[in-house]
Amino acid sequence: MERRNGTFVKTENVRQQLANVTRLMADGNRWGLLIRGVVGNGKTSVVNALKSVINALVEQHYFSQGEIYDWDWMQSVDAEDMVNCYIRNRDMYERMKECAWLVVDDLGIEPVKVGLYGTDFYPFRALFNYRYK
């Protein structure tokens with residue numbers, strides 16, 4: 001937020017929303033979370049902060065067990081980049097299907113349909129159908 005000359009204002013409403021997100025993530029279920037708001041109000045900043053904390057905690061847990069965990073627990077991807085992964089990097093797309101928490105930023109800008117070799121594919125629909133069936 002500071003890069004865009006913004007300031008984080010911690011109001012009671014923001015505190016309550018962050019507490020709700022924390023409870024949601026800790027309940028062990030695979031739920032979706034939609035963060036809406038106008039451009040520049042801090043949605044991506046909040047997600048990046050959550051991602052940093054969660055991935056650090058998971059890495060610390062695995063490290064303390066003597067294990068190596070080489071994939072972030074929480075991944076974030078721009079919606080358009082997710083579709084491009086389907087076309088150009090199928091391994092990355094498949095990893096998105098399996099990660100514990102997936103954040104899709106700028107939802108709604110991605111192409112709905114992708115044509116490959118005369119066949120139409122719907123990567124966003126396929127990803128979410130797989131994750132939340």
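Hello everyone, and thanks for coming. First, the ground rules: this is a predicted model, in which local features need pLDDT of at least 70 and side-chain atom pairs count only at pLDDT 80 or more, while totals for chains, interfaces and linings use all residues. Residues are numbered from 1 along each chain as its sequence is written, and side-chain values use heavy atoms, with hydrogens and water left out.

Let's start with the fold. The protein chain has 5 helices and 4 strands, taken as DSSP runs numbered from the N terminus, with helices being H or I of at least four residues and strands E of at least two. Along the sequence they come in the order α-α-β-α-α-β-β-β-α. Now for contacts, meaning heavy atoms within 4.5 Å. Of those with a separation of 6 or more, 66% are between residues 24 or more positions apart. As for burial, 26% of the 133 residues count as buried; that is under 20% relative accessible area, with exposed being over 50% and partly exposed in between, using a 1.4 Å probe and protein chains only.

On to the interior. In soluble globular proteins, nonpolar side chains tend to be buried together. A nonpolar core here is a set of buried Ala, Val, Leu, Ile, Met, Phe, Trp, Tyr and Cys residues joined through side-chain atoms within 4.5 Å. The largest has 15 residues, and those touching the most other members include Val77, Leu102 and Val104. Helix H3 (79–88), H4, S2, strand S3 (114–116) and H5 each supply at least two of its residues, and H3 has the largest share, with 5 residues. A second, separate core holds 10 residues, among them Leu24, Ile54, Val58 and Val103.

Do look at Val104 on your screens. Beyond residues up to four places away in sequence, Val104 touches Val77, Ala79, Phe124 and Phe128. Gln75 sits in strand S1 and is buried, at 13% relative accessible area. Leaving out neighbours within four places, Gln75 contacts Cys99, Trp101, Leu102 and Val103.

So what lies nearest the centre of the largest pocket? Ile35, Val47, Val103, Val104 and Asp105 do, out of 34 lining residues. A pocket, on a 1 Å grid over the protein atoms alone, is an open set of points where a 1.4 Å probe fits, with protein on both sides within 12 Å along at least five of seven lines; lining residues have an atom within 4 Å of a point. The space in this pocket is about 770 Å³, counted as that filled by probe spheres set on the points. H2 gives the most to the lining, with 6 residues.

Finally, the 2 salt bridges, each a side-chain nitrogen of Lys or Arg within 4 Å of a carboxyl oxygen of Asp or Glu. Arg15 pairs with Glu12 at 2.7 Å, N to O; both are in helix H1, 3 residues apart, about one turn of the helix. Arg15 is partly exposed, at 35%. Lys97 pairs with Glu94, with the closest N and O atoms 3.2 Å apart, and both belong to helix H4 (residues 90–98). Lys97 is buried at 14%, whereas Glu94 is partly exposed at 33%.

Thank you, and over to you for questions!
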